[in-house]
Amino acid sequence: MTIYQQLQVLGITLPAVATPAAAYLPFVISESHIYLSGHIAKKDGKVWIGQFGKNMQTQEGVHAARAVAIDLLGTLDAACSSLGKSLNDVKQIVKVMSLVNSSPEFTEHHLVTNGCSELLSAVYKERGAHARSAFGVAQLPMGACVEIEMIARI
Amino acid sequence: MTIYQQLQVLGITLPAVATPAAAYLPFVISESHIYLSGHIAKKDGKVWIGQFGKNMQTQEGVHAARAVAIDLLGTLDAACSSLGKSLNDVKQIVKVMSLVNSSPEFTEHHLVTNGCSELLSAVYKERGAHARSAFGVAQLPMGACVEIEMIARI
Amino acid sequence: MTIYQQLQVLGITLPAVATPAAAYLPFVISESHIYLSGHIAKKDGKVWIGQFGKNMQTQEGVHAARAVAIDLLGTLDAACSSLGKSLNDVKQIVKVMSLVNSSPEFTEHHLVTNGCSELLSAVYKERGAHARSAFGVAQLPMGACVEIEMIARI
């Protein structure tokens, strides 16, 4: 089964690459690694705003982190295409850094981030298992509830 | 035009490499990538102290982030020199991580960080366009308003 | 002197690799680099809970960061073993990212993180000197006082 078939089984449609909100690129390819910029969570095309421990719950965060993972896969697909390759050619999801918009009391950043990690593993199986850091940040650009960056090897 | 001529056109003088405030190096070269440590913002040689959403405005932050970018280029120059090379030999600014000292209300970390990203693009043109994450941290070493780390390929 | 003899001189016993609290791996090897996931501080096998500027002092944090460094070396040892190699074969500690659980007032994240950096240098000498970012986060998974991730070259 190809990655695209796997996405179809999961009912996932890849989005177009979002234009960064500022002066940078959605991804840079450096030798065999693809560095994806931090992607903020979106819902219905708008910034998914919220802060855990204040006005957002862990379970909603899992969905937000999953949504970011889908956007990251959309960007990864575009990065692969720019090399004349496809998502099938990704050798490994290497690392994920997950920034969770968090009050000083919230302590379930790892559970929120599982929404991203589990989607990556569902799509890429062994190749999707990655190193990871997840932590609580004071705020995120435009008030987003989650921002995630990723490194993959092609 | 060389990178040094481009810096001259922009009126930028590269600083000497700052000595880290602690037990680490300003940069490490690993194969073809140069990893630059987080550089905190400085003004007139002193730590540029402040917190966005409390006692600093976005526009001042753009200047602070630009100042960090110049310090990063100074360190990158030293890293290149240690290889018998120069800033002209940098193939790509790969990734920037920008830590913005932020109250839980401030949401313009991306605009602050543009001060760094736009300087890198002005100096390196296409080679300066990079992947990026920017987010709000609870505090920074010595109260600095911004800290930025960078990866470049040589 | 091998790295294992050096650890013995320092009185350090390497721990077993901790099972991640969520859906990710403790390390991923990508070509010649080992990416270690963020490791949270532990004391007597339990999460070392605390927030600097609120209920933890810098000096205690130095010990916590040193404890994380030992756990990172345990994971690095396992990563090397998976390649049929050992800690002696590590060529360079490339980069450390240190997340310090911090109130908006605490500004000594660099001093806390020295507990990790100095241990790495004591064990690996020149090969242990690394690039680094240290900063204050709003909170950490399970309330941990420090979380550190690392990249090493094998």
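Chain C can be laid on chain A by a turn of 120° and a shift of 0.0 Å along the axis, with an RMSD of 0.0 Å, where copies are superposed by least squares on the C-alpha atoms of residues with pLDDT of at least 70 in both. The model is a predicted one, in which local features need pLDDT of at least 70 and side-chain atom pairs count only at pLDDT 80 or more, whereas totals for chains, interfaces and linings use all residues. Residues are numbered from 1 along each chain as its sequence is written, and chains are lettered from A and ligands numbered from 1 in the order in which they are written. Chain A can likewise be laid on chain B, with an RMSD of 0.0 Å, by a turn of 120° and a shift of 0.0 Å along the axis, and that is the relation of a three-fold axis.

The copies use different surfaces, in that 8% of the contact residues of chain A recur in chain B; residues are in contact if their C-beta atoms, placed from the backbone, lie within 7 Å. For chains C and A, only 8% of the interface residues of chain C are also interface residues in chain A, so these copies too meet through different surfaces.

The contact between chains C and A takes 24 residues from chain C and 29 residues from chain A. On the side of chain C that touches chain A, the elements giving two or more residues are strand 1 (27-30), strand 2 (33-40) and strand 7 (146-153) of chain C; helices (H or I, at least four residues) and strands (E, at least two) are DSSP runs, numbered from the N terminus. Strand 2 of chain C gives the most to this side, with four residues. The residues of the side of chain C that touches chain A comprise 15 nonpolar, six polar and three charged, with Ala, Val, Leu, Ile, Met, Phe, Trp, Tyr, Cys and Pro counted as nonpolar, Asp, Glu, Lys and Arg as charged, and the others, Gly among them, as polar.

In the contact of chain A with chain B, 24 residues of chain A meet 29 residues of chain B. Strand 2 of chain A gives the most to the side of chain A that touches chain B, with four residues, and the residues of that side divide into 15 nonpolar, six polar and three charged.

Within chain B, the 25 residues of helix 2 (residues 58-82) should span 36 Å at 1.5 Å a residue, and the end C-alpha atoms of the helix are 36 Å apart, which agrees; the expected span is 1.5 Å times one less than the number of residues. Helix 2 of chain B is followed by B:Gly84, whose phi is positive, near 75°. B:Ala79 lies in helix 2 of chain B and counts as buried because it has 24 C-beta neighbours inside 10 Å, the definition being 20 or more other C-beta atoms within 10 Å, against 12 or fewer for an exposed residue and a number in between for a partly exposed one, with C-beta atoms placed from the backbone. Leaving aside residues up to four places away in sequence, B:Ala79 touches B:Phe27, B:Ile29 and B:Ile34.

Definitions and conventions:
Contact = placed C-beta atoms within 7 Å.
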